[in-house]
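This briefing accompanies the structure shown below. Please read the points alongside the sequence and the coordinates, beginning with the question that follows.

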Amino acid sequence: MTSPDKSKGDRSRDEVLAGEYVLGVLSLQDRRVVEERMRHDRPFAAIVSRWETNLSSFNDEYEAAAPNRETFKQIEARLFGDGQRPASFSQGLWNSAVFWRSLSFACIVVAVSAVIFASGVVPEPQGPAPLVASLSGQNSTINLLASYELQSGRLKIVPVAAGKPEEKSLELWLVPGSGMTRSLGVFQPGESGELVIPADLRSQVADGATLAVSLEPFGGSPTGQATGPVIASGPLHRP
Amino acid sequence: MQGDDIADLIGRVALGDRRAFVALYNQTGPKLFSICLRILKDRTEADEALQEVYISIWQRARSFSVASGSSSAWLAAIARNRSIDALRARKPVADELDTVYDLADAGPDPEMQTVTKDEGRRIDTCMEELEADRAVAVKRAYVEGLSYQELADQFGVPLNTMRTWLRRSLLKLRECMER
């Protein structure tokens with residue numbers, strides 16, 4: 001336990017450092033140091049976030065200024081490649097971070113299997129740990145925990161705190177590392193929270209993809225893309 | 001910018017909706033470009049920064065839904081951070097983290113609570129409690145992205161004096177906001 005004086009000093013120093021970061025007076029290197037600390041020190045990140053909120057009314061000082069006409073085309077070109085067309089499947093796969101991550105993972109599995117085989121230890125007959133995602137949303141009354149079993153393709157959603165029932169449906173979406181968002185199905189209220197992922201989509205449910213839930217008209221989105229607000233989203237990762 | 005509309009668009013962008021991305025750019029681009037331009041003071045650099053800002057928005061939209069705070073403040077923070085990074089890379093300033101923080105007589109201890117919440121007072125009210133030139137320095141640092149040295153030059157005070165001005169002002173603001 002630190003003495004009250006030291007604790008007070010550290011606390012004041014953190015407030016000042018976070019404030020200096022948000023004001024923007026720090027050097028580039030110091031900004032990186034602060035950002036690194038924000039990644040590991042949640043209370044400190046909260047102090048920075050509070051300063052950002054507190055000082056955001058200063059943003060009224062910035063009048064609107066029209067960007068160059070070409071700027072948005074350049075942004076799209078940098079993000080999506082040339083032109084407006086979605087990449088063809090083979091290009092999409094080739095450029096897909098998910099694909100390469102899956103491939104790396106497959107290599108690791110092969111390597112681990114090889115080690116286990118060589119050591120003569122026979123592992124328990126169990127599948128790989130399920131992928132899980134904790135889905136939460138801003139001001140959301142619903143939090144969901146998703147877990148996905150790779151082998152069976154069973155995806156389970158557990159509502160952590162459900163809001164009031166409405167004449168709406170919750171629809172689950174898969175946002176791959178690159179490529180189109182795909183519907184994974186509509187949750188039936190009161191059931192086990194399980195969705196079986198269509199076989200052709202299973203390869204895309206992988207580390208690096210994001211799951212999101214949107215509020216849709218009863219029965220699901222009429223368009224095949226999300227039409228209602230996204231109430232929660234979160235990246236898939238291995239726990 | 002209507003906060004809820006913008007938040008909704010960011011949510012759609014998180015799902016990879018490119019039409020929502022266009023709409024978001026059309027609604028917020030002029031404001032964010034203004035931020036880049038005001039800090040970088042160079043149209044070419046501001047244009048480059050704006051591209052990176054929207055690339056970052058596309059990539060980080062998913063993290064917004066779990067972040068707290070207003071959508072326009074979130075977007076502005078991305079634009080300010082990107083612009084200040086570019087500015088500091090172009091014109092390096094001295095590292096500060098090694099210097100001793102002279103915070104004596106800084107006033108009462110801020111409360112331990114750090115949860116983001118609606119503050120009891122608005123920042124404008126608390127800015128009025130600062131001495132006038134210090135309030136101007138705080139705001140100018142934020143809006144223009146000025147360094148301590150540039151602020152010291154503009155106000156005609158030694159560098160260390162400017163550091164003390166801003167650091168004590170930050171603590172006074174914090175104390176006022178929590179009062």
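Which residues does Ala212(A) touch, not counting residues up to four places away in sequence? In this predicted model, Ala212(A) touches Trp173(A), Val175(A), Val230(A), Ala232(A) and Ser233(A) in chain A, together with Ala14(B) and Leu15(B) in chain B.

**Nonpolar cores**

- Ala212(A), together with Val13(B) and Cys36(B), is among the residues with the most contacts inside the largest nonpolar core, which has 61 residues.
- The element that gives the most to this core is H2(B), which supplies eleven residues.
- Apart from this core lies another, of 30 residues, and Val16(A), Val22(A), Ala141(B) and Tyr148(B) are among its members.

**Strands E7 and E8 of chain A**

- Strand E7, covering residues 210–217 of chain A, pairs with E8(A) in the antiparallel sense, and the pairing runs over five bridges.
- Within this region Ser214(A) stands opposite Val230(A), a residue of E8(A), and Val230(A) is also one of the residues that Ala212(A) touches.
- Strand E8, residues 230–235 of chain A, is mostly covered, since five of its six residues are buried.

**The side of chain B that touches chain A**

- The contact between the two chains involves 68 residues of chain B and 61 residues of chain A.
- On chain B, at least two residues of the touching side come from each of helix H1 (3–14), helix H2 (18–40), helix H3 (43–64), helix H4 (71–90), helix H5 (123–127), helix H6 (132–144) and helix H8 (159–178).
- Of the elements of chain B, H2(B) gives the most to this side, with nine residues.
- Sorted by class, the side of chain B that touches chain A has 36 nonpolar, 13 polar and 19 charged residues.

**Chain B and its helix H8**

- Chain B has eight helices and zero strands, so that from the N terminus on its elements read α-α-α-α-α-α-α-α.
- Chain B has 179 residues, of which 42% count as buried, and among its contacts between residues at least 6 apart in sequence, 69% join residues at least 24 apart.
- H8(B), with 20 residues, reaches 29 Å from its first C-alpha to its last, which is close to the 28 Å expected at 1.5 Å a residue.
- The buried residues of H8(B) include the charged residues Arg163(B), Arg167(B), Arg168(B), Lys172(B) and Arg174(B), and also Met162(B), Trp165(B), Leu166(B), Ser169(B), Leu170(B), Leu171(B) and Leu173(B).

Technical notes: Residues numbered from 1 in each chain as written. Chains lettered and ligands numbered in written order. Predicted model: local features only at pLDDT ≥ 70, side-chain atom pairs only at ≥ 80, totals over all residues. Contact = placed C-beta atoms within 7 Å. Helix = DSSP H or I, 4+ residues; strand = E, 2+ residues; numbered from the N terminus. Core = buried A, V, L, I, M, F, W, Y, C linked by C-beta atoms within 7 Å. Buried ≥ 20, exposed ≤ 12 C-beta atoms within 10 Å, placed from the backbone. Pairing = 2+ DSSP bridges. Expected span 1.5 Å × (residues − 1).
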